[in-house]
Amino acid sequence: MKKSLLLILASLFTVFALTGCADEEKNDTPVITQPTLSESEVITQPTLSDLKSLQGTYDIEFFYTYATVATLTNDCSKLQEYVGSDAECSNTANQRDSEMQGKGSIAVSNDYVKIITKVQLDGGGFNNPMVAQVAKNQKYNYTVYNNIPVSAVKDNYLNLDNDTKGTNGRNADSLAGSEDDTYNITIKNGIVIIDMIKHTGISIAKTAPVVVRMKKVSDNVETLDPNTAFPTPDISNIFKADIGYNN
């Protein structure tokens, strides 16, 4: 009788031990949760109703300027939509869209907005021998816009009446900018748009319209080095870092 009782207790102990292992294995099953964006990955969409939302780093998606003898742009198909019905690219296929890389930064304080753009182009219009000779310096554009006071927000435009004007910066192998450059900034579908009339200092084309469109990619303000070219497109054959420009 005692022996039977011991066998029964031993059997029950085995059952409990196996059940415990099963429960333990069950509890070790990983719980799968949906990934969420960290605070650093959530980008504040820019809006002029909250100027702080402008602060951050941007990718330049569209760039245009009429550079003395030709249109320089990275997207001819968007030229009339973004610039105006009169804007045209060269009809020569290899003189149209240029290869481009560009970034922008916007810093906002309680009193002003500071905008910097850095654009690099090659090919396209530069395939024209005259452009290559006269405007090759325009392959690289680093532009610092004079600080715009926060009071200059009007009718969905920042600096609509050109309350602030003037730029400084550099091109590929020379200093650039003019106190006569005028510009205003607006936002459309989350894209920051800069419209500028640039004073070239060249007698045959004293001013040039410039349009820059850029999309925010980070709330952090990246430092854009004026004296370092982007890796692509390659403009190392004309780029000079030692022209004495310091921002």
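This is a predicted model: local features need pLDDT of at least 70, side-chain atom pairs count only at pLDDT 80 or more; totals for chains, interfaces and linings use all residues.
Visitor: What share of the residues count as buried?
Guide: The figure is 40% of the 247 residues. The test is a relative accessible area under 20%.

Visitor: Why is Asn-159 called buried?
Guide: Asn-159 has 0% relative accessibility. The limit is under 20%, so Asn-159 counts as buried. Asn-159 sits in the loop between strand E7 (157-158) and strand E8 (167-170). What stands out in its backbone is a positive phi, near 70 degrees, in a residue other than glycine.

Visitor: Which residues line the second largest pocket?
Guide: Asn-189 is one of them. Others include Glu-81, Tyr-82, Tyr-157, Lys-188, Asp-195 and Arg-213. Helix H2 (79-82), strand E10 (182-188), strand E11 (191-199) and strand E12 (207-218) each give two or more residues to this lining. The space in the pocket is about 180 Å³.

Visitor: How do the residues of that lining divide?
Guide: Four are nonpolar, two polar and four charged. Tyr counts as nonpolar, so Tyr-82 and Tyr-157 fall in that group. Glu, Asp, Lys and Arg count as charged, so Glu-81, Asp-195, Lys-188 and Arg-213 go there.

Visitor: What does a search of the whole structure find in the way of cavities?
Guide: One cavity of 30 Å³ or more. The largest cavity has a volume of about 140 Å³. There are 20 lining residues, and the closest to the centre are Phe-63, Asn-141, Thr-143, Met-196 and Lys-198.

Visitor: What makes it a cavity, not a pocket?
Guide: The probe fits inside a cavity but cannot get out, whereas a pocket is open.

Visitor: Which elements supply the lining of the largest cavity?
Guide: E1, E4, E5, E8, E11 and E12 supply at least two residues each. By class, the lining has eight nonpolar, 10 polar and two charged residues.

Visitor: Which residues have the most contacts inside the largest nonpolar core?
Guide: Leu-54, Phe-63, Ile-106, Ile-115, Ile-185, Val-192 and Met-214, in a core of 31 residues. Strand E4 (112-122) is among the elements that give two or more residues. E4 gives the most, with four.

Visitor: What is Met-214 in contact with, leaving aside neighbours within four places in sequence?
Guide: Its partners include Tyr-58, Ile-60, Gly-104, Ile-106, Ile-115, Val-192 and Ile-194. Each contact rests on heavy atoms within 4.5 Å. Another core, of 10 residues, lies apart from the largest one. Ile-116, Val-144, Phe-239 and Tyr-245 are among its members.

Visitor: How many helices and strands does the protein chain have?
Guide: Three helices and 12 strands. Among contacts between residues at least 6 apart in sequence, 60% join residues at least 24 apart.

Visitor: Is the peptide bond from Thr-232 to Pro-233 cis or trans?
Guide: Cis, with omega near -10 degrees. Pro-233 belongs to the segment after E12.

Key:
Residues are numbered from 1 along each chain as its sequence is written. Side-chain values use heavy atoms; hydrogens and water are left out. Buried means under 20% relative accessible area, exposed over 50%, partly exposed in between (1.4 Å probe, protein chains only). On a 1 Å grid over the protein atoms alone, a cavity is a set of points where a 1.4 Å probe fits but cannot get out, and a pocket is an open set with protein on both sides within 12 Å along at least five of seven lines; lining residues have an atom within 4 Å of a point. Grid points are joined across faces, edges and corners, and a volume is the space filled by probe spheres set on the points. A nonpolar core is a set of buried Ala, Val, Leu, Ile, Met, Phe, Trp, Tyr and Cys residues joined through side-chain atoms within 4.5 Å.
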